[in-house]
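Please look through the sequence and the model before reading on.

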Amino acid sequence: MRPTAPLLLGSLLMIAGSAHADELRERANSIFKPIPDKVTEVRGHAVSEDQAILGHKLWFDPRLSRSHVISCNTCHNLSIGGSDNVTTSIGHGWQKGPRNSPTVLNAVFNAAQFWDGRAKDLQEQAKGPVQASVEMNNTPDRVVATLKSIPEYVTEFKKAFPKDKDPVSFDNMAYALEAFEVSLTTPNSPFDRFLKGDDKALDAQQKEGLALFMDAGCIACHNGVNVGGQGYFPFGVIKKPGADVLPEGDKGRFAVTNTAADEYVFRAAPLRNIALTPPYFHSGEVWDLEQAVAIMGDSQLGRQLKDNEVKAITAFLHSLTGDQPQVAYPILPMSTATTPKPE
């Protein structure tokens, strides 16, 4: 029997839709990569399970701060997308930090850490907030004294760093935190499933948004496995946003390089899980993702995006939310009489 006209039309539409999805996926795979299920190496070395177990405890331990109040998880809360969902983080003595807290989820895939890229990797990054006066306000010597005063930590550092004569060190604290942080990845997002061949992982609006994201030029800054985090770009390539979004006093990467060309240059934000981490931009002054998309179109692309384009790109960005790491709250070892007191 010959197929009826409706059945034939339906079959042709399915074939056309599949061909379109294949073409879109092929283009996307040339620009982006799925997040791997697990990271097994960092900086060319296998991730140590014992170091990661130690780093898991250190991540949640507020005694790394001078006040014994602030932990890594305070500003990078793993329950809410790896950031803290406030404009700028609250640190030691209720001080407000200068920039919005970036997510730690998938940070292992970034070319460098912090908005200005001043830390080359997670190990180097881990040392910064501990010592920053506006954050944890501690010192390496005080951190080491705290850790050495707790017998359980001494034992765990020996196990994690068996070749070191003096394993309880500030450097090893940072290595352990890094070993834990590389596990904070979010695979299996709808976008990842689409890249791997699942046409139904993205709906029609998200596919439209993906095409717009590529065609409009967003991929010049936001590409790779983390959909960003790989390069440095001026905020305001075409048109600088207002001082409410781009504070004049924060010149970005200029503070690192002292090069005039780096004024108001920042690392392109990685966009994985971006729907979970408002407010947006280094200033943390934009709370709505659609508004952030519109600002980027105007400032970076010189293009006044139409409402339907903003909504489509935003829908695509929602597809970047992956499986969140399931991290149990650890039971920490007790302080002793020799543990430095909170200040």
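Across the whole structure, which is a predicted model, a search finds eight aromatic pairs. The points below describe two of these pairs, and then turn to a helix contact and to charged groups over rings.

**Aromatic pairs**

- F32 and F191 form an edge-to-face pair, with 5.4 Å from centre to centre and 80° between the planes.
- This pair links distant parts of the chain, 159 residues apart, with F32 in the loop between helix 1 (5-29) and strand 1 (41-42) and F191 in helix 8 (residues 190-195).
- Both F32 and F191 are buried.
- The rings of W59 and F180 have centres 5.8 Å apart and planes at 55°, so this pair is tilted.
- Because W59 lies in helix 2 and F180 in helix 7 (residues 170-181), their pair ties together parts that are 121 residues apart in sequence.
- W59 counts as buried at 2% relative accessibility, and F180 counts as buried at 5%.
- Ring pairs also link F32, F191, F213 and F316 into a cluster.

**Helix 2 and helix 6**

- The axes of helix 2 (residues 49-60) and helix 6 (residues 151-160) come within 8 Å and cross at roughly 150°, and the crossing is left-handed.
- In this contact, D50, Q51, L54, K57 and L58 of helix 2 meet E152, Y153, E156, F157, K159 and A160 of helix 6.
- The residues of the contact divide into five nonpolar, one polar and five charged.

**Charges over rings**

- The charged end of R118 sits over the ring of F114, 3.7 Å from its centre.
- R25 lies over the face of F194, at 5.0 Å from the ring centre.

Terms used:
Residues are numbered from 1 along each chain as its sequence is written. This is a predicted model: local features need pLDDT of at least 70, side-chain atom pairs count only at pLDDT 80 or more; totals for chains, interfaces and linings use all residues. Side-chain values use heavy atoms; hydrogens and water are left out. Axes are lines fitted to C-alpha atoms, for helices over the stretch in contact, and angles run from 0 to 180 degrees between N-to-C directions. Helices (H or I, at least four residues) and strands (E, at least two) are DSSP runs, numbered from the N terminus. A crossing is left-handed if the near helix is turned anticlockwise from the far one by less than a right angle, and right-handed if clockwise. Contact means heavy atoms within 4.5 Å. Ala, Val, Leu, Ile, Met, Phe, Trp, Tyr, Cys and Pro count as nonpolar, Asp, Glu, Lys and Arg as charged, and the others, Gly among them, as polar. Rings of Phe, Tyr and Trp (its six-membered ring) pair if their centres lie within 6.5 Å; planes under 30 degrees apart count as stacked, over 60 as edge-to-face and the rest as tilted. Buried means under 20% relative accessible area, exposed over 50%, partly exposed in between (1.4 Å probe, protein chains only). A charge sits over a ring if NZ of Lys or CZ of Arg is within 6 Å of the ring centre and within 35 degrees of the ring normal.
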